[in-house]
Amino acid sequence: MSDKKKILAVDDEVQMTKMLKRNLDVTGKFEVRTENEGLKALAAAKEFRPDLILLDVMMPDADGGEVAAQILADPDLKGTPIIFLTAIVEKQEVEGSAGTIGGHPFLAKPIRTEDLITAIEENLRE
Amino acid sequence: MPVLHSLTTRQAIAKLSPSGSPHWKHYVPIPVVFLVGLTLTVFLNHELYGIEREAIGQRFREAGEDRVVAIRKVIDNKILMLEAVRSFFHSSARVERHEFRDFAQPFLTHEGGVGSLQWLPRVRADERTAYEAAVREEGFPEFGIREVVEGAILGPAGAREEYFPVHFVERFEENRAVFGFDPLSSAVEREALERARDVAQLAASARIQPIQDPEGGAGVILALPVYAAVDPPASVENRRRSLRGFILGIFSLKVIVSSSLDYVPDAGMNLEIADLTASAADRLLFSVAAKGAGSEHGLKFSLDSALLEDLRYVEEISLGGRRWQVTGTPTIEFIQDSLTWYPLLLLPIGLAITSLVTGYFVVNIGRQQKIERLVVKRTTELRHSNQQLRDAQDHLIQAAKLESVGRLAAGVAHEVKNPLGVIQFGIDYLRQATRDSGDLSEVVQEMEDAVSRADVVIRGLVDFSRAETLRKESRDLNEVIQQSAKLVKHELTQHNIILQMHLADQVPTIPMDANKIKQVFINLFMNATQAMERNGSVIVTTGLTDGQGSEATIVVKVEDTGPGIPEDHLQHIFDPFFTTKPPGKGTGLGLSVTQNILKLHHATIDVANRPEGGASFTLRFRFEGEKE
C-alpha cells in the first residue's frame with residue numbers, strides 16, 4: 001500500500017485540475033484524483049476516500065460550500081480536511097475570516113504550487 | 001484653540017453678511033423722503049405766504065383805487081359846482097350880490113370842503129375908482145381893492161393896468177378878510193389865475209393856507225376863467241382881452257379827503273397827497289392816517305414788516321393842470337387783519353406728514369429687510385437642500401456605476417483568475433522541469449511575474465468597484481492621519497523620506513469609516529513615496545476654513561517634494577487605470593479608489609503642483625458648523 005496521500009481535486013476547469021494533478025504528481029507525495037463536476041464530487045470522494053479534498057468554490061453545477069457540507073455529512077467522509085480554491089474571494093474577506101471559509105482554509109487563484117503543497121501538508125498534519 | 005476660535009468668528013461674520021446687516025442702500029429712501037418732505041413743506045409755506053401776500057396786495061390796491069375814485073368824485077363835484085357858477089354868470093349879463101349868494105348857498109350847504117366861493121371881476125385901472133365907489137355904495141364903506149403888502153398884511157392895491165378883486169365871496173362872514181383882495185398880487189394865486197385865463201380851463205393852484213381854516217390846514221384854489229362869450233376865444237391874446245373875471249373856489253384838502261373817505265369803508269390805509277408839479281418844499285399837500293393807525297401792536301411775524309414797507313398804492317390825479325399823486329400805505333392793523341395762520345399752520349402739518357411718510361418708509365424698509373432676509377435664508381436653505389439632493393443623486397449614480405462595474409469586475413475576476421491559476425500551475429511545472437537550465441528559468445520567472453501583476457490588477461479592480469458599506473463613527477481626523485502614518489512608517493524610512501505633520505490644534509470630529517480613510521492616507525503617502533523614490537519629505541497639514549454655516553470644512557493637504565505631476569496628467573490623475581508609474585509598479589487604481597472612498601464620505605480631493613515643486617493633494621471634509 002502506497003504511503004502517498006490521496007488528494008481529491010474538484011474544479012470545473014479541466015485544465016486547472018489537469019495542471020494541479022501534474023504538479024502534485026511530480027512531487028511523488030500524492031495520489032491525485034480529479035473531478036470536474038461538482039455534483040459527482042461526493043460520489044468520487046466516497047469511492048476514492050481522499051485524505052484531503054481541494055474544492056473549487058464556484059462551479060456551474062454546484063456551490064463548493066454545499067458540496068463540502070454533503071461530503072462532511074457523510075459518516076465515511078466525516079473529518080476529511082477540505083481546502084477551498086477560489087477565483088472570487090477577496091483579500092479583505094480572507095482577512096475577515098482569518099484565511100478560512102466556514103472554518104476551512106482557503107486559497108485564492110492563481111495559486112503557487114509551493115503554497116498549495118504547504119497548505120496541503122499543514123492540513124494533513126492536523 | 002485659536003483655529004477653531006477664528007473659524008467661529010468668521011462663520012459668525014459670514015452668517016451675518018448676507019442676511020444680518022442689510023445694505024446701506026436700502027436706507028437711502030428714508031433721508032431722501034425726509035428731505036423731499038421738508039423741502040416741499042418749506043416750499044409750500046413760501047408759496048402760500050406768497051399767495052397770501054399777493055391777495056393782501058390785491059385787496060390793498062382795490063382799497064386804494066376805491067379811495068382815489070372817491071377823491072376824484074368829490075373833486076369832480078367841486079369842479080361841477082364851479083362850472084355851474086360860471087354858467088350862471090354866462091347866462092346873466094349882470095349878477096347881483098344877493099343872486100350870487102342865493103345861487104351859491106345850496107352848494108356851500110351840501111358840498112363839504114368849500115372854504116369859499118368867489119367871483120373876481122376884471123377891473124381895469126381906469127374903472128377902479130368908480131368900481132370901488134359902487135361897492136362902497138352897496139353898504140361896504142371901507143371897501144377897496146387890496147393886495148399883499150409886506151408879506152401877509154393886506155393893504156391898498158398899487159396902481160396897475162387891471163385888478164381882479166374878490167367881489168362876491170360866499171360864506172361871506174368867514175371870508176370877510178379877503179373881500180376886495182386881488183389874488184393876482186400873490187404869486188401862488190397869480191400863477192393859477194393866469195394859467196386858467198390863458199388855457200381857458202380850470203386851473204388848480206399850488207398848496208395854499210386858506211384863511212378860513214382856523215387849524216391852518218392846507219388848501220387849494222380852483223379857478224375857472226369867465227370870458228365875454230360862452231365859448232372861449234381861440235387865441236391867448238383874445239382870451240386875455242375878452243376875460244370878464246374868474247370863478248374861484250377855495251377848498252380845504254382835509255375836508256375833501258375826509259369827505260371822500262365817507263364813501264369807502266375803512267381799510268387801514270394811510271393816505272398822502274403830493275403835488276408833483278410843485279417845488280419839493282411845497283409838494284406835500286395833505287396826509288391822513290387811517291383810523292386807529294399807529295397803535296403799538298407788534299406785528300405777527302418779522303416778515304410782515306417787509307410787507308408793511310413793500311405795500312404801497314400810488315395813483316396820479318390830474319387836476320387843473322397839476323399832477324397830484326395819491327399814495328396809500330397800509331397800517332399795521334391792515335397787515336394784521338389780512339394775514340392768516342395758514343402758511344404757519346402748513347409747517348407743522350407738512351412736518352407731520354413728512355414724519356408719517358418717513359415713518360412709513362422706515363417700517364416698510366424694515367419689513368422689506370425682514371422679507372429679504374427670509375428670502376436669503378430660504379434661498380440658502382434651498383440651495384443647500386439642492387446641493388444635498390445633487391450630492392445624493394451623484395452618490396446614487398456613483399453607487400450604481402460602481403455596482404455594475406463591481407458585478408462586471410467580479411465576473412471578469414472569476415473568468416480571468418481561473419486561467420491565471422492554470423498558467424501559474426503551468427509555470428510551476430515548467431520551473432520544476434527546467435531547473436538549472438539558465439535562460440529557461442529566467443523566462444519562467446518573467447512569466448510568473450506577469451501572472452502576479454495580472455493578479456494584482458484584478459484584485460485592484462475588484463477593490464475599486466466593490467459597493468462598499470461604510471461603517472461610520474465619529475472620529476478625529478488628526479488621529480486617523482497619525483495612525484495611517486504609523487502604518488507606512490517602515491516604507492517611508494526605507495526610502496529615506498521624512499513625514500512632516502502640521503496638524504491643527506483641534507479639529508471637530510466627523511463621521512467616517514476610519515479603515516477606509518486610513519486607506520486614503522496610506523494611498524496618498526505611498527503615492528508620494530513612489531513619486532520621490534528616495535530622499536524627500538511628505539508634508540501633511542490640517543486646518544479649518546470658514547464657510548457658510550454648514551459649508552465649513554476641514555482641509556487636509558498632503559504635499560511632497562517630488563518632481564510633481566505633468567500638467568497634462570493632472571486632469572486624468574483620478575481616472576481608473578491612469579498611472580505615471582513604470583509598468584508593473586502601479587495598477588492605476590489607487591487614486592480612483594481614494595477618490596471613491598472620499599466621495600462616500602462627501603469629501604473632495606483636488607490635485608495641483610506646488611510652485612516650489614512637488615504635488616499637492618487637497619482634501620476637504622465638510623462638517624456642520626457651530627450653530628450660534
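Trainee: How many salt bridges does the rule find across the interface of chain B and chain A?

Mentor: This is a predicted model, in which local features need pLDDT of at least 70, side-chain atom pairs count only at pLDDT 80 or more, and totals for chains, interfaces and linings use all residues; side-chain values use heavy atoms, without hydrogens and water. Residues are numbered from 1 along each chain as its sequence is written, with chains lettered from A and ligands numbered from 1 in the order written. For a salt bridge (side-chain nitrogen of Lys or Arg within 4 Å of a carboxyl oxygen of Asp or Glu), the number across the interface of chain B and chain A is one.

Trainee: Which element gives the largest share of the side of chain B that touches chain A?

Mentor: A salt bridge joins the side chains of Arg112(A) and Glu448(B), at 2.8 Å from N to O. The largest share, 14 residues, comes from α10(B).

Trainee: Which residues in chain B lose the most area to chain A?

Mentor: The contact (heavy atoms within 4.5 Å) takes 21 residues from chain B and 23 from chain A. The buried area (accessible area, 1.4 Å probe, lost on putting both parts together and summed over both) is about 2000 Å², with carbon and sulfur atoms giving 61%. Together accounting for 32% of what the side of chain B buries, the residues that lose the most are His414(B), Asn418(B) and Phe425(B).

Trainee: Which residues touch the most other members of the largest nonpolar core?

Mentor: A nonpolar core joins buried Ala, Val, Leu, Ile, Met, Phe, Trp, Tyr and Cys residues through side-chain atoms within 4.5 Å. The largest such core has 49 residues, and those touching the most other members are Leu82(B), Phe89(B), Phe100(B) and Trp324(B).

Trainee: How many residues does the second, separate core have?

Mentor: Beyond four places in sequence, Trp324(B) touches several residues, including Ile75(B), Val220(B), Leu253(B) and Leu285(B). A separate core includes Val540(B), Ala552(B), Leu598(B) and Phe617(B), and its number of residues is 46.

Trainee: What share of the residues of chain A count as buried?

Mentor: Chain A has five helices and six strands, in the order β-α-β-α-β-α-β-α-β-β-α from the N terminus. Among its contacts between residues at least 6 apart in sequence, 65% join residues at least 24 apart. With buried meaning under 20% relative accessible area (1.4 Å probe, protein chains only), the share of the 126 residues of chain A is 45%.

Conventions. Buried means under 20% relative accessible area, exposed over 50%, partly exposed in between (1.4 Å probe, protein chains only). Buried area is the accessible area (1.4 Å probe) that two parts lose on being put together, summed over both. Helices (H or I, at least four residues) and strands (E, at least two) are DSSP runs, numbered from the N terminus.
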